[in-house]
Amino acid sequence: MRLRRGPHQPLPAEPDCAQVGAVLQAYLDDELEAPDTEAVAAHLAHCERCDIEAETVGRVIAAIGRQRPDLDAGALERLAGFVDGLADEDPQG
Ligand SMILES: [Zn+2]
């Protein structure tokens, strides 16, 4: 089963790396519900890999925002989806 990025997928109390990655952008945008924010923060605190990914994604979003202040949130979201696609290639496009 292939899960698509959704606006508010509830997380278990101890999400795994894939689950954290799926909501990372929403977490960085402070769009998650409080329990999910806590679950992601707790994961990042003990998972170096996801912590690095969170920092990298945050820097990319910040850098794009600085270079293209005219881009709206929708454009950033589409770009973020494109980046996600690179990591999760779908042969059916
Ligand atoms: Zn992790």
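Helices (H or I, at least four residues) and strands (E, at least two) are taken as DSSP runs and numbered from the N terminus. By this assignment the protein chain contains 5 helices and 0 strands, and its pattern along the sequence is α-α-α-α-α. The model is a predicted one, in which local features need pLDDT of at least 70 and side-chain atom pairs count only at pLDDT 80 or more, while totals for chains, interfaces and linings use all residues. Residue numbers start from 1 along each chain as its sequence is written.

A residue is called buried if 20 or more other C-beta atoms lie within 10 Å of its own, exposed if 12 or fewer, and partly exposed in between, with C-beta atoms placed from the backbone. Of the 93 residues in the protein chain, 18% are buried. Two residues are in contact if their C-beta atoms, placed from the backbone, lie within 7 Å. Among contacts with a separation of 6 or more, 51% join residues 24 or more positions apart.

In soluble globular proteins, nonpolar side chains tend to be buried together.

Helix α3 spans residues 34-46, 13 residues in total, and reaches 19 Å from its first C-alpha to its last. This is close to the expected 18 Å, which is 1.5 Å times one less than the number of residues. The buried residues of α3 are D36, A39, V40 and H43. Seen down the helix axis, the buried residues of α3 fall within an arc of 95°, so they line one face of the helix; the arc is that of the directions from the helix axis to the C-beta atoms. Elements covering these buried residues include α1 (17-22), α2 (24-28) and α4 (48-67). On the other side of α3, the residues A34, A45 and H46 are exposed.

The loop between α2 and α3 contains D30 and E33. D30 is exposed, with 7 other C-beta atoms within 10 Å, and its phi is near 60°, a positive value in a residue other than glycine. Most residues other than glycine have a negative phi. E33 is also exposed, with 12 other C-beta atoms within 10 Å. The C-alpha atom of E33 lies 8.3 Å from that of P10, 23 residues apart along the chain.
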